[in-house]
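Subject: Structure handover and notes

Hello,

Here is the structure I said I would pass on. My notes on it follow below.

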Amino acid sequence: MTLIFAHRGSAGTHPENTMEAFYEAERVKADGIELDVQLTKDGEIVVIHDETVNRTTNGKGFVKDYSLKEIQKLQANYKFKNKLFKKNRVPSLREVFLWLKGNNIICNIELKNSIMDYQGLEEKVIGLIREFGFEDRIIISSFNHYSIVACYRLEPAVEIAPLYSSGLFMPWIYAQSLRAKAIHPNLKAVKDEIIIESMNNGICVRPYTVNKVEQMERLLNLGCTAIVTDYPEKAWKLRESKKG
Ligand code: G3P
Ligand code: CA
């Protein structure tokens with residue numbers, strides 16, 4: 001069965017990368033969530049997509065220049081500035097993990113360290129995973145493939161997956177060379193044959209970001225490992241409708 005991962009929570013319906021978005025993913029029965037992490041100036045792992053707070057909050061500046069306490073004073077309700085989402089703030093990864101303790105949702109952590117070289121990010125993320133005993137339900141992905149290999153070396157029990165956005169040649173071979181059990185390609189970068197061949201070679205495929213019904217149909221029909229979508233409820237209903 002194709003799993004459904006809620007991208008940045010349920011980013012199509014709720015403020016991205018906030019607890020509200022993750023609660024929504026649980027409510028609509030997503031199998032997993034995807035989230036992005038950066039480091040604050042006091043070395044805390046926070047869940048936010050961009051290197052700055054400008055787009056998603058009412059603040060300005062780089063995440064690396066805020067302490068956890070400071071960043072959590074901001075409202076992370078970009079795009080959804082109604083009363084319902086007013087209290088949204090930037091969560092720490094620890095807060096997300098505390099919530100994950102109460103369910104069985106898979107968590108895909110994307111390390112956002114392609115632009116910023118966050119020293120110690122890999123060690124901190126792996127340390128938190130170990131503290132919570134989540135080695136078997138976390139997938140670490142990144143566009144920075146050196147970083148996911150570093151994670152694998154620190155803790156081989158945690159699955160890693162390279163993100164990529166253009167035509168990688170025989171990506172299953174590349175994944176195997178990294179010791180990755182999956183690839184996370186941009187939807188535009190994977191043809192059906194690549195999905196099938198990767199899966200036949202034991203490599204899971206979780207394309208992003210799959211928001212249109214016809215795109216979801218295509219991947220569900222192929223039996224693709226998972227889809228990463230801003231609209232997990234829509235994907236769940238479609239998957240249900242196909243069960244017959
Ligand atoms: O995990 C896939 C996807 O999240 C990567 O792109 O920019 O949405 O983080 P982006
Ligand atoms: Ca992401």
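A residue is taken to be near a molecule if one of its heavy atoms lies within 4 Å of that molecule. By that rule, ligand 1 is surrounded by His7, Arg8, Glu34, Asp36, His49, Glu110, Lys112, Phe143, Leu163 and Tyr208. Please keep in mind throughout that this is a predicted model.

**Ligand 1**

Ligand 1 takes up the space of the largest pocket. For Glu34, a polar side-chain atom is 2.8 Å from an oxygen atom of the ligand. Lys112 also places a polar side-chain atom 2.8 Å from an oxygen atom of ligand 1. In the case of Asp36, an N or O atom of the side chain is 3.3 Å from a ligand oxygen. On its own, ligand 1 has 290 Å² of accessible area, and the protein covers 89% of that.

**The calcium ion**

Which residues coordinate the calcium ion (ligand 2)? They are Glu34 and Glu110, each through OE, and Asp36 through OD, at 2.1 to 2.2 Å. Written along the sequence, the spacing of these donor residues is E-x1-D-x73-E. Glu34 belongs to strand S2 (residues 32–39) and Glu110 to strand S4 (residues 106–111), so this pair ties together parts that lie 76 residues apart in sequence. Glu34 and Glu110 are both buried. The coordinating residues Glu34, Asp36 and Glu110 are also among the residues that surround ligand 1.

Lys112 sits in the loop between S4 and helix H4 (121–132). Is Lys112 buried or exposed? Its relative accessibility is 12%, so Lys112 counts as buried, the cut-off being under 20%. Apart from its place beside ligand 1, the side chain of Lys112 makes a polar contact with the side chain of His49, at 3.4 Å. His49 is itself one of the residues around ligand 1.

Asn113 is in the loop between S4 and H4 too. With 6% relative accessibility, Asn113 counts as buried. Asn113 and Gln38 are separated by 75 residues in sequence, while their C-alpha atoms are 7.3 Å apart in space.

**Backbone details**

- Arg8 has phi near 50°. Arg8 lies in the loop between strand S1 (3–7) and helix H1 (19–27), and at 17% relative accessibility it counts as buried. Arg8 is also one of the residues around ligand 1.
- Lys29 has phi near 65°. Lys29 is in the loop between H1 and S2. Its relative accessible area is 48%, so Lys29 is partly exposed.

There is also a cis peptide bond to look at, running from Tyr208 to Thr209, with omega near -25°. Thr209 is in the loop between strand S8 (204–205) and helix H8 (213–222). Tyr208, at the other end of that bond, is among the residues that surround ligand 1.

**Other positions**

- Ile71 is in helix H2 (residues 68–71) and counts as buried, at 0% relative accessibility. From Ile71 to Val46 there are 25 residues in sequence and 9.0 Å in space, C-alpha to C-alpha.
- Cys224 is in the loop between H8 and strand S9 (226–229). At 0% relative accessibility, Cys224 counts as buried. Cys224 and Val37 are 187 residues apart in sequence, and their C-alpha atoms are 26 Å apart.
- Asn186 is in the loop between strand S7 (182–185) and helix H7 (192–200). With a relative accessible area of 18%, Asn186 is buried, since the cut-off is under 20%. Asn186 and Tyr146 are 40 residues apart in sequence and 19 Å apart in space, C-alpha to C-alpha.

**Where to start**

Regards

Note on methods. Residues numbered from 1 in each chain as written. Chains lettered and ligands numbered in written order. Predicted model: local features only at pLDDT ≥ 70, side-chain atom pairs only at ≥ 80, totals over all residues. Heavy atoms only, no water. Donors = N, O, S within 2.8 Å, 3.2 Å for Na, K, Ca; no water. Helix = DSSP H or I, 4+ residues; strand = E, 2+ residues; numbered from the N terminus. Buried < 20%, exposed > 50% of the residue type's maximum accessible area, 1.4 Å probe, protein only. Polar contact = N/O pair within 3.5 Å; in protein donor to acceptor, adjacent residues only side chain to side chain. Areas by Shrake-Rupley, 256 points an atom, 1.4 Å probe, with all protein chains shown as cover. 1 Å grid on protein atoms, 1.4 Å probe; cavity = no way out; pocket = protein on both sides within 12 Å on 5 of 7 lines; lining within 4 Å. Sits in = over half its atoms within 2 Å of the grid points.
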